[in-house]
Amino acid sequence: MYIAHTIAELRDHLAAFERPAFVPTMGNLHDGHLALIRQARPLGDVTVASIFVNRLQFLPHEDFDTYPRTWDSDCEKLRTAGCDVLFAPDEKALYPEPQTCKVHPDPALADILEGHFRPGFFVGVCTVVMKLFQCVQPRVAVFGKKDYQQLMMIRHMVRQFALPIEIVGSETFRAEDGLALSSRNGYLSEAERAEAVQLSKALKAMAQAVQAGERDLAAIEARAMQALAQRGWQPDYLVLRRRSDLQAPSAGEPLVALAAARLGGTRLIDNLEIDAMPS
């Protein structure tokens, strides 16, 4: 696996390839990340991953300084998964001067749900992804569906800027008990890890209510919020939205249930796609 620490090194190495397939990460890799690498491999003529903890997408009170950096383990995992190239810039390499030019995504999508609770988050995400795209020049990029709103945001950005990149969404990789894999799961205590599966169970309960014909979506959402709160969680949202734009759904539209909640000091997110709401 070739490791590039500067944009110039990366571009020189990738000049020999025509169809890079790209998986951007912030490191602290788990099996979900490696599934993205394996999915990307047959989609291009070289498989590229990046590791960069992006300061721009962290709010002042969030965990940028303490976010786990697991370099040696990450490199070994990427090699085993068949990654060809790792782009691992430091902040000075990727942001050699203050990044005053930023991507400001559509507020209709960027300022709801995650964007409401983490103001400016998607500006940071879109800006770093756009910059990484310019560095790697991929023809395909693979993102996990666990970050559902982020995946929609990246697709929207690529479409709006007419970037010649196919965005592939990969199904959420889960532990045997159903918990969505996340780098932040490592923050959970043993007891919290056992409890964390309740988030995916809450989403399944919401889906079952819809599929059983319940029409009062607000009541389904409130019931899910209350159920988690009673177990000691601090939920930000558990909502049912239409998949196309994450707005309030109408009958007959494919849905997605989305959740974000804090368990102890760890904030977890998850989602579950649901068949169209019955008419």
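Where in the fold is H33 placed? H33 is in helix α2, and UniProt, in an unreviewed entry, lists H33 under "active site". This is a predicted model, in which local features need pLDDT of at least 70, side-chain atom pairs count only at pLDDT 80 or more, and totals for chains, interfaces and linings use all residues. Residues are numbered from 1 along each chain as its sequence is written, and side-chain values use heavy atoms, with hydrogens and water left out.

**Terms**

- Helices (H or I, at least four residues) and strands (E, at least two) are DSSP runs, numbered from the N terminus.
- Buried means under 20% relative accessible area, exposed means over 50%, and partly exposed is in between (1.4 Å probe, protein chains only).
- Contact means heavy atoms within 4.5 Å.
- UniProt positions are in the numbering used here, feature names are shortened, and annotations may be inferred rather than shown by experiment.

**H33 and helix α2**

- Helix α2 covers residues 31-40 and is mostly covered, with seven of its ten residues buried.
- The buried residues of α2 are G32, H33, L34, A35, L36, I37 and A40.
- These buried residues pack against β2 (20-25), β3, α3, β5 (140-144) and β6 (166-170).
- H33 counts as buried because its relative accessibility is 14%.
- Not counting residues up to four places away in sequence, H33 touches T25, G27, N28 and S183.

**The loop between β2 and α2**

- H30 is located in the loop between β2 and α2.
- With a relative accessible area of 17%, H30 is buried.
- Leaving aside neighbours within four places in sequence, H30 is in contact with L181, S182 and S183.
- N28 also lies in the loop between β2 and α2, and N28 is buried at 15% relative accessibility.
- Phi of N28 is near 50 degrees, a positive value in a residue other than glycine.
- Most residues other than glycine have a negative phi.

**The annotated binding site**

- The unreviewed UniProt entry places the feature "binding site" at Q57 and Q150.
- The two positions are spread over 94 residues of sequence but cluster in space, with a largest C-alpha distance of 11.7 Å.
- Q57 is found in the loop between β3 (46-51) and α3 (71-81), and Q57 counts as buried at 10% relative accessibility.
- Leaving aside neighbours within four places in sequence, Q57 is in contact with M26, E62, R118, F121, G124, V125 and V128.
- The side chain of Q57 makes a polar contact with the side chain of N54 at 3.0 Å. A polar contact is a pair of N or O atoms within 3.5 Å; within protein, one must be able to donate a hydrogen and the other to accept it, and residues adjacent in sequence count only if both atoms are side-chain atoms.
- Q150 is in helix α8 (residues 148-160), and Q150 counts as buried at 18% relative accessibility.
- Leaving aside neighbours within four places in sequence, Q150 is in contact with F121, F122, V125 and F143.

**Helices α1 and α7**

- The axes of α1 (residues 7-14) and α7 (residues 121-136) come within 9 Å and cross at roughly 45 degrees.
- Axes are lines fitted to C-alpha atoms, for helices over the stretch in contact, and angles run from 0 to 180 degrees between N-to-C directions.
- Q137 lies in the loop between α7 and β5 and is partly exposed, at 40% relative accessibility.
- Although Q137 is not a glycine, Q137 has a positive phi of about 55 degrees.

- R241 is in strand β7 (residues 234-242).
- A polar atom of the R241 side chain lies 2.8 Å from the backbone oxygen of L246.
- R241 and A257 are 16 residues apart in sequence and 6.4 Å apart in space, C-alpha to C-alpha.
- K92 is in helix α4 (residues 91-94), and K92 counts as exposed at 66% relative accessibility.
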